[in-house]
Amino acid sequence: MTIVIGFEGSANKIGIGIVRDGEVLSNPRRTYITPPGQGFLPSQTAKHHRGVILTVLKEALQEAGLKPADIDCVAYTKGPGMGAPLVTVAIVARTVAQLWDKPLLGVNHCVGHIEMGRLVTHASNPTVLYVSGGNTQVIAYSERRYRIFGETIDIAVGNCLDRFARVIKISNDPSPGYNIEQMAKKGKRYIELPYTVKGMDVSFSGILSYIEEAAEKMLGSGECAAEDLCFSLQETLFAMLVEITERAMAHCGSQEVLIVGGVGCNLRLQEMMGIMCEERGARLFATDERFCIDNGAMIAQAGWEMFRSGQQTELSDSWVTQRYRTDEVEVTWRD
């Protein structure tokens with residue numbers, strides 16, 4: 001049996017998870033939440049992570065019923081993500097690996113999401129839609145790489161939703177995207193927004209600028225409700241994502257879709273993708289907030305796959321990188 005502990009802290013979530021041969025033994029997590037109308041700054045997020053990371057580490061070991069001696073490998077998020085939080089977590093992971101005399105592994109955050117999704121859903125070789133606050137990509141595996149077939153050319157879909165939540169002063173607890181989803185369920189009117197698909201890529205910044213201006217005018221005049229704007233934004237963004245995912249499926253001859261990342265929790269996105277899959281005779285795989293939202297177990301699972309295939313990260317190479325693309329990783333653990 002191989003037991004790997006994973007440290008994740010690339011954005012406002014700090015999580016530490018432990019995985020043993022495909023079984024999640026523990027996965028505690030904390031979230032840095034800011035007041036309505038505000039985002040989270042790298043320095044303040046890192047300060048939050050520093051304040052709670054050792055508590056979360058103790059929780060992870062206690063929940064799993066393990067001692068440091070039981071751990072075979074320490075994995076941490078190398079990137080992509082916010083610089084200061086990444087460095088905070090990497091320093092703790094490096095220190096733990098040295099104190100416990102264990103091998104160290106730097107993991108790509110996006111690959112962590114994919115491997116966690118594959119583990120939980122048992123999808124065999126899916127087309128992956130990876131949607132979060134910092135990333136939007138359509139991915140498929142080919143020849144020892146997770147190939148990016150399409151992506152955002154500006155901001156991520158989660159970032160678009162989060163920034164609109166700030167405009168209309170929606171609470172950040174538990175997350176702005178979740179609160180937009182709940183408001184969207186009450187929306188009764190669809191307001192047409194720009195729909196920007198460019199080949200296999202998408203663009204969200206123009207939609208955000210348009211709806212920010214529209215919100216001020218339409219809400220001020222009583223022309224529509226905030227719930228209508230939330231509904232319209234979701235429908236437009238998700239339709240774009242379903243379109244490029246379907247095109248990637250057609251190119252790859254794929255009959256499976258796996259949605260990963262924090263925005264992947266959204267039930268309306270899952271519903272829209274499910275309709276497309278049903279029409280194609282394909283299958284949809286998705287998970288809930290335990291594994292969609294950033295967590296330590298996903299880093300542990302990717303680290304487990306990497307460690308079992310013979311990979312390790314030397315201490316001298318254990319840096320972080322804010323721009324670490326999914327397709328830069330050699331996938332040594334798949335055929």
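**Figure 1. Glu151, Arg325 and Asp327 are linked in a network of salt bridges.** The view is taken from a predicted model. Three side chains take part in this network: Glu151, Arg325 and Asp327. Side chains of opposite charge can pair when their charged atoms come close.

**Figure 2. Glu235 and Arg268 form a salt bridge between two helices.** The N to O distance in this bridge is 2.7 Å. Glu235 belongs to helix 7 and Arg268 to helix 8. The two residues are 33 residues apart, and the pair links distant parts of the chain. Glu235 counts as buried because its relative accessibility is 15%, which is under the 20% limit. Arg268 has a relative accessible area of 25%, so Arg268 is partly exposed.

**Figure 3. Lys67 and Asp70 form a salt bridge.** The closest N and O atoms of the two residues are 3.9 Å apart. Is Lys67 buried or exposed? With a relative accessible area of 53%, Lys67 is exposed, because the limit for this class is over 50%. Asp70, at 27%, is partly exposed.

**Figure 4. Tyr141 and Tyr146 make an aromatic pair.** A search of the whole structure finds two aromatic pairs, and one of them is shown here. A pair of aromatic rings is described by the distance of the centres and the angle of the planes. For Tyr141 and Tyr146 the centres are 5.7 Å apart and the planes stand at 65 degrees, so the pair is edge-to-face. The angle leads to this class because planes over 60 degrees apart count as edge-to-face. Both residues are buried, Tyr141 with a relative accessible area of 13% and Tyr146 with 2%. Tyr141 also has a charged neighbour: Arg334 lies over the face of the Tyr141 ring, at 4.2 Å from the ring centre.

**Figure 5. Tyr190 and Phe231 make an edge-to-face pair.** The ring centres are 6.4 Å apart and the planes are at 90 degrees. Tyr190 sits in the loop between helix 5 (176–184) and strand 10 (197–198), while Phe231 is in helix 7 (residues 226–252). The two are 41 residues apart, and the pair links distant parts of the chain. Tyr190 is partly exposed, with a relative accessible area of 43%. Phe231 is also partly exposed, with 21%.

**Figure 6. Lys78 lies over the face of Tyr324.** The distance from Lys78 to the centre of the Tyr324 ring is 5.1 Å.

**Figure 7. The largest nonpolar core has 45 residues.** The residues with the most contacts inside this core are Val131, Phe164, Phe204, Leu233, Leu237 and Met273. Several helices and strands each supply at least two residues, including strand 7 (127–131), helix 4 (157–167), helix 6 (205–221) and helix 8 (267–280). Which helix gives the most to this core? Helix 7 does, with 12 residues. Leaving aside neighbours within four places in sequence, Leu237 is in contact with Val157, Cys160, Leu161, Phe204 and Ile207. Another core, of 32 residues, lies apart from the largest one. Among the residues of this other core are Val19, Val260, Trp304 and Val331.

**Figure 8. Gly133 and Gly177 are among the residues annotated as "binding site".** The annotation comes from an unreviewed UniProt entry and also covers other residues, including Tyr130, Val131, Asp162 and Asn266. Gly133 is placed in the loop between strand 7 and strand 8 (136–142), whereas Gly177 is in helix 5. Gly133 counts as partly exposed, at 40% relative accessibility. Not counting residues up to four places away in sequence, Gly133 touches Ala156, Gly158 and Asn159. Val131, which the annotation covers, is also one of the residues with the most contacts inside the largest nonpolar core.

Note on methods:
Residues are numbered from 1 along each chain as its sequence is written. This is a predicted model: local features need pLDDT of at least 70, side-chain atom pairs count only at pLDDT 80 or more; totals for chains, interfaces and linings use all residues. Side-chain values use heavy atoms; hydrogens and water are left out. Rings of Phe, Tyr and Trp (its six-membered ring) pair if their centres lie within 6.5 Å; planes under 30 degrees apart count as stacked, over 60 as edge-to-face and the rest as tilted. Buried means under 20% relative accessible area, exposed over 50%, partly exposed in between (1.4 Å probe, protein chains only). Helices (H or I, at least four residues) and strands (E, at least two) are DSSP runs, numbered from the N terminus. A charge sits over a ring if NZ of Lys or CZ of Arg is within 6 Å of the ring centre and within 35 degrees of the ring normal. A nonpolar core is a set of buried Ala, Val, Leu, Ile, Met, Phe, Trp, Tyr and Cys residues joined through side-chain atoms within 4.5 Å. Contact means heavy atoms within 4.5 Å. UniProt positions are given in the numbering used here, feature names are shortened, and annotations may be inferred rather than shown by experiment. A salt bridge is a side-chain nitrogen of Lys or Arg within 4 Å of a carboxyl oxygen of Asp or Glu.
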